[in-house]
Amino acid sequence: MTTLLFDGSFPGLLTAIFEVYEYKLNDVRLATADSNPVLFGEQREVVTDASKAKRVWQGIGNCISGEARHQLYQAYLSELDTMPQTLLAYFQYAFFKQTNVHEDFSHPAVLTVHQTVRKVYREKHRMEAFVRFSETTDGLFYAVVEPDFDVLPLIAEHFEKRYADQRWVIYDCRRKYGIFYDLSSVQVVEMNFSPDMLQGKDASAAWNEKEAGFQHLWQQYFNSVNIASRKNTALHIRHMPLRYWKYLPEKQPAGTGMAG
Amino acid sequence: MNDRISEKLQILADAAKYDVSCASSGSKRENENKGLGNAAGGMGICHAYTEDGRCVSLLKILLTNYCIYNCAYCVSRSSNDIKRAAFTVDEVVELTIGFYRRNYIEGLFLSSGIFKNADYTMERLVLIAKKLRTEHNFHGYIHLKAIPGASDELLQQAGRYADRLSVNVEMPTEQSLKLLAPEKNRNDMLKPMQYLKQAITQYEAEKKTSRHLPLFAPAGQSTQMVIGATPENDWQILMMSSYFYQKMRMKRVYYSGYVPISNDNRLPAIGTPVPMIRENRLYQADWLMRFYGFTAGELVAPDSPHLDMDIDPKLGWALRNLHLFPVDVNRADAALIMRVPGIGVQSAQKIIAARRFSRLTWDHLKQMGIAGSRARYFLDCRIPGDNRRDLTPMQIKQQILSLQHSKYQPNFSPQLKLF
Ligand code: SF4
């Protein structure tokens with residue numbers, strides 16, 4: 001068995017897949033450099049190479065549709081330990097068949113990709129729903145999130161289209177980066193939020209004069225639309241899992257602001 | 001924003017919550033000129049869920065809960081002793097923009113009690129939508145209530161600025177309306193629907209030839225019926241829905257299980273449970289009519305006018321039509337596969353796609369997450385260790401019910417997973 005160690009990036013993964021063919025490797029295990037040390041077999045380090053990655057990406061584009069190909073990227077963003085291996089199996093199957101295998105659900109890798117994409121997609125959708133912006137004194141709308149998967153690259157376009165006339169930033173405090181829109185385009189940024197903000201302490205010092213008022217009104221609205229005689233807590237929590245509450249003003253006790 | 005607004009919001013959101021529509025999907029309105037908001041591309045987003053599990057997608061408020069009418073089933077009826085309030089036009093605009101910028105909502109759903117008269121009220125609703133669109137370059141979703149009796153001219157303007165318009169028929173039949181809202185006239189409700197249907201149809205036809213036609217209610221029109229306040233059966237209700245879908249080309253019909261709010265003896269007493277399971281069954285039936293090609297007549301009939309409460313209407317239909325089963329997933333039409341209990345539209349599509357590659361077995365279906373406890377009774381697949389061919393409808397029903405019993409909760413809601 002050969003283990004290919006790549007840097008964890010998507011181009012790195014594609015480079016590794018390229019090298020499987022380049023060196024005609026059989027029985028390959030893909031692992032990131034920071035994963036558990038390899039005990040058996042040969043081990044090779046993959047140096048991420050944009051042109052190799054591009055060739056693999058174009059190659060798969062000849063087999064499957066553009067949309068299907070984008071789903072492979074979405075599956076990668078799940079960050080699941082097993083996903084590089086699954087994607088390798090998917091690519092191998094597609095290259096072997098030389099047809100559009102994307103809907104061949106009887107193949108385990110294809111099926112796993114689909115199932116994973118569904119989960120990633122759900123998280124993307126949840127982020128589009130649960131991002132809550134607060135407006136700072138200098139007119140920046142900022143939000144802090146902690147998504148289960150690395151979905152910021154997937155939500156940027158949605159927010160760019162929607163909030164075209166306001167400066168905003170969405171910060172992933174688990175992965176320590178954000179996306180920032182400056183009225184012309186969205187960029188990935190490393191951010192210096194004060195540690196207080198990130199630990200969920202009161203961020204209200206940075207708010208503009210209307211922010212607390214709007215959060216209060218939103219809490220008020222949220223409470224008013226409830227119909228007590230229909231209460232169904234299980235359903236409520238299924239739709240809004242507890243782990244998201246920290247960043248939702250409507251789930252904070254009355255009179256307090258949001259974390260982050 | 002001061003306490004006055006806060007109090008108004010409390011009153012006017014509270015009064016609007018019985019309107020169950022929360023849809024914000026289906027519009028084609030795109031962000032233009034670097035404005036605010038985008039309602040296109042739409043599956044609609046629920047930004048929050050209430051503690052009763054309903055979607056919060058829009059800022060749903062009344063402009064005012066003052067009303068000159070006295071409809072017995074309505075909290076805002078003139079004889080009800082409640083706090084009254086009215087927003088100004090600018091207050092609604094500022095709230096909408098403020099909430100939207102923070103990603104709390106997809107847009108505004110604005111309804112109103114009727115003050116002075118229909119046109120006076122409608123004019124204000126239209127003015128708010130117009131300001132949002134023209135002064136704030138707002139492209140989020142707007143749902144306006146079309147006030148029965150409002151002029152065609154105002155409806156025309158409303159269609160220009162709103163994504164969706166709705167007139168609620170409220171009562172499933174004219175008799176019930178007469179009984180509970182004697183001052184109201186069913187024709188006043190049907191007239192604006194008819195007008196909107198014609199205007200939307202015309203817009204859709206013209207759109208094909210002229211690319212820069214301004215939008216007209218791109219998310220169509222909808223309506224709502226109150227369920228369980230009056231004695232109509234499910235057959236009457238679903239026939240009414242069919243009429244709205246076919247004759248009025250409605251996008252949606254909503255069913256609102258009556259929440260007792262009055263001691264009026266024409267109505268269920270306060271404390272009577274909200275008919276949530278029935279409401280859920282109606283939504284399921286409605287869903288089957290819209291997406292699965294079922295007709296109302298296949299789901300209910302004059303001699304069996306009620307939907308089963310203990311099983312969903314698709315399973316009910318399958319059990320009454322066992323002669324059509326079992327279905328061969330490797331051969332059957334998509335339309336029939338979709339009718340198999342436990343198989344939804346998406347699963348049916350998956351099956352159709354996957355069977356091009358290989359002959360599907362029970363194991364494949366299992367891996368695809370399709371071979372659940374219900375589908376197995378209706379599929380022609382060799383299922384290992386299984387011999388279920390000769391069961392009666394009653395036996396199948398019992399077996400399925402016993403399996404799912406633990407999942408079955410009395411607390412149903414329209415947003416529970418439908419099948
Ligand atoms: S007209 Fe509308 S708001 Fe007024 S009482 Fe009747 S249903 Fe309620």
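A molecule sits in a cavity if more than half of its atoms lie within 2 Å of the cavity's grid points. The exercises below concern a predicted model.

**Exercise 1.** Find where the ligand sits, and work out which residues surround the ligand and how they divide by class.

*Solution.* Begin with the place: the ligand sits in the largest cavity. Next, list its surroundings, which consist of B:Cys67, B:Tyr69, B:Cys71 and B:Cys74, together with B:Arg77, B:Gly113, B:Ile114 and B:Lys184. Finally, sort this shell by class, which gives five nonpolar residues, one polar residue and two charged residues.

**Exercise 2.** Describe the contact between chain A and chain B by its residues and by its buried area.

*Solution.* First take the residues: chain A brings 57 residues to the contact, and chain B brings 64 residues. Then turn to the area, of which about 5,400 Å² is buried between the two chains, with carbon and sulfur atoms giving 55% of it. On the side of chain A, the three residues A:Arg162, A:Tyr221 and A:Arg230 supply 16% of the area that this chain buries against chain B, more than any other three residues.

**Exercise 3.** Determine how many salt bridges and how many residue pairs in polar contact link chain A and chain B.

*Solution.* Start with the salt bridges, of which there are seven between chain A and chain B. One of them can be examined in the structure: B:Arg101 pairs with A:Asp165, and their closest N and O atoms are 2.9 Å apart, which falls within the 4 Å limit for a salt bridge. Then count the polar contacts across the interface, where 28 residue pairs are found, both residues being at pLDDT 80 or more.

Key: Residues numbered from 1 in each chain as written. Chains lettered and ligands numbered in written order. Predicted model: local features only at pLDDT ≥ 70, side-chain atom pairs only at ≥ 80, totals over all residues. Heavy atoms only, no water. Near = heavy atom within 4 Å. 1 Å grid on protein atoms, 1.4 Å probe; cavity = no way out; pocket = protein on both sides within 12 Å on 5 of 7 lines; lining within 4 Å. Nonpolar A, V, L, I, M, F, W, Y, C, P; charged D, E, K, R; others polar. Contact = heavy atoms within 4.5 Å. Buried area = accessible area lost by both parts, 1.4 Å probe. Salt bridge = Lys/Arg side-chain N within 4 Å of Asp/Glu carboxyl O. Polar contact = N/O pair within 3.5 Å; in protein donor to acceptor, adjacent residues only side chain to side chain.
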